[in-house]
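These are my notebook entries on a structure that I looked up. I set down each point in turn.

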Amino acid sequence: MLPQVSEAKPVNKKKKRMSTFPKSVRMYLVSVTVLPQKEGIDLPRFIQKLANLLADYSTATKVIYKFKVSGESRILSVVQVSNIIGLERTIGGLWRLGAVDVDCQPIINYENFARAIKVADHLTKPNTGSLAKEGLFWMEFNVEYNGKSTDELITIWKKEAEAVLTARLKEGTSIELYKVVAQRKVHVFINAADPEQIDLLCLQLPLMQENGANVQLKCKALQFLEDYTSRITSESV
């Protein structure tokens with residue numbers, strides 16, 4: 001059984017997943033990094049401008065999450081897209097602001113992937129919870145399977161999905177997961193009361209216990225972008 005890693009109350013109870021988008025909707029993880037400039041840059045102000053652009057574009061895009069990577073000049077955004085031109089215009093607006101690097105990965109809800117590898121339906125229903133402000137982390141799993149067959153990998157991954165989705169359903173773990181399309185890569189956003197809980201969680205995951213030598217894991221601390229922009233210029237420390 002996985003540990004319950006957060007007791008923090010979510011930011012809100014909005015059913016953000018209950019979208020009215022058509023079936024043709026696609027999802028993307030958009031990463032925007034502000035590049036260094038010789039003359040320097042007012043990073044908080046520049047990120048505020050980026051935040052203003054990373055918003056819903058008419059009915060063509062719907063922003064699910066916007067994060068600031070703590071200690072870095074980087075923004076992450078999970079975006080639903082019903083018309084790719086809306087996303088392209090948003091990205092074009094980001095480039096007009098100045099020197100940025102943009103990475104755009106097509107993603108799917110982890111629940112859809114779990115359903116495809118035969119995880120039980122009651123575990124793969126849309127998530128109705130939300131992430132909390134405090135103790136927010138981003139984990140990126142890159143999964144290889146040297147020395148194992150594809151069938152063996154799928155068997156392990158099914159155990160993994162069952163463990164994580166059961167923890168969310170029964171223990172209230174505050175977590176959102178997305179799989180990159182056509183890659184063995186998963187992005188995880190999770191709340192934890194302290195970093196040690198993240199270490200404990202990773203050690204207990206079936207994917208790490210049974211295939212850990214083939215998994216590359218990155219972990220970053222996050223803030224909600226709106227929280228960052230409201231506090232960075234006004235809060236005294």
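**Entry 1: A salt-bridge network**

I began with charged side chains and found that Lys133, Asp227, Arg231 and Glu235 are linked in a network of salt bridges. I keep in mind that the model is predicted.

The side chains of Asp227 and Lys133 meet in a salt bridge, with N to O at 3.7 Å. I checked the accessibility of both partners. Asp227 has a relative accessibility of 15% and counts as buried, because the cut-off for buried is under 20%. Lys133 is partly exposed, at 44%.

**Entry 2: Other salt bridges**

How many salt bridges does the structure hold? I noted 10 salt bridges. One of them joins the side chains of Glu226 and Lys66, at 3.5 Å from N to O. Glu226 lies in helix H7 (residues 225–231) and Lys66 in strand S2, so this pair ties together parts that are 160 residues apart in sequence. Glu226 counts as partly exposed, with 44% relative accessibility. Lys66 is buried, with a relative accessible area of 14%.

I also looked up Arg184, which forms a salt bridge with Glu144; the closest N and O atoms are 2.7 Å apart. Arg184 is in the loop between strand S6 (175–180) and S7, and Glu144 is in the loop between S5 and helix H4 (150–171). This pair, 40 residues apart, links distant parts of the chain. Both partners are listed as partly exposed: Arg184 at 33% relative accessibility, and Glu144 at 38%.

**Entry 3: The chain as a whole**

I next turned to the overall description. The protein chain has seven helices and eight strands. Of its 237 residues, 44% count as buried. The accessible surface comes to about 12600 Å², and 52% of this belongs to carbon and sulfur atoms. I also looked at contacts with a separation of 6 or more: residues 24 or more positions apart account for 79% of them.

The mean pLDDT of the protein chain is 91, and 90% of the residues reach 70 or more. Over residues 12–22, however, the pLDDT is below 50; this stretch has 23 contacts in the model beyond near neighbours in sequence.

**Entry 4: Helix H5**

Which residues of helix H5 (residues 195–204) are buried? I found Ile198, Leu201 and Cys202. Seen down the axis of H5, these buried residues fall within an arc of 95 degrees, so they line one face of the helix. On the other side of H5, Glu196, Asp199 and Leu203 are exposed.

I asked what the buried residues of H5 pack against. Their partners are S5, strand S7 (185–191), helix H6 (206–211) and strand S8 (215–224). I then examined the start of H5, where a side-chain oxygen of Asp194 comes to within 3.1 Å of the backbone nitrogen of Glu196.

**Entry 5: Ser31**

Is Ser31 buried or exposed? Ser31 counts as buried, at 6% relative accessibility. I located Ser31 in strand S1 (residues 26–34). The side chain of Ser31 makes a polar contact with the side chain of Arg74, at 2.9 Å. Leaving aside residues up to four places away in sequence, Ser31 touches Arg74, Ile75, Leu76, Asp101, Val102 and Asp103.

**Entry 6: Positive phi values**

Finally, I looked up backbone angles in two residues. Ser58 has a phi near 50 degrees, which is a positive value in a residue other than glycine. Ser58 is found in the loop between helix H1 (43–53) and strand S2 (61–69). The relative accessible area of Ser58 is 64%, and I noted this residue as exposed, because exposed means over 50%.

Lys118 is not a glycine either, and its phi is positive at about 75 degrees. I placed Lys118 in the loop between helix H3 (110–116) and strand S5 (136–143). Lys118 counts as exposed, with 64% relative accessibility.

Definitions and conventions. Residues numbered from 1 in each chain as written. Predicted model: local features only at pLDDT ≥ 70, side-chain atom pairs only at ≥ 80, totals over all residues. Heavy atoms only, no water. Helix = DSSP H or I, 4+ residues; strand = E, 2+ residues; numbered from the N terminus. Buried < 20%, exposed > 50% of the residue type's maximum accessible area, 1.4 Å probe, protein only. pLDDT = per-residue confidence, 0-100. Contact = heavy atoms within 4.5 Å. Polar contact = N/O pair within 3.5 Å; in protein donor to acceptor, adjacent residues only side chain to side chain. Areas by Shrake-Rupley, 256 points an atom, 1.4 Å probe, with all protein chains shown as cover. Arc of directions from axis to C-beta. Salt bridge = Lys/Arg side-chain N within 4 Å of Asp/Glu carboxyl O.
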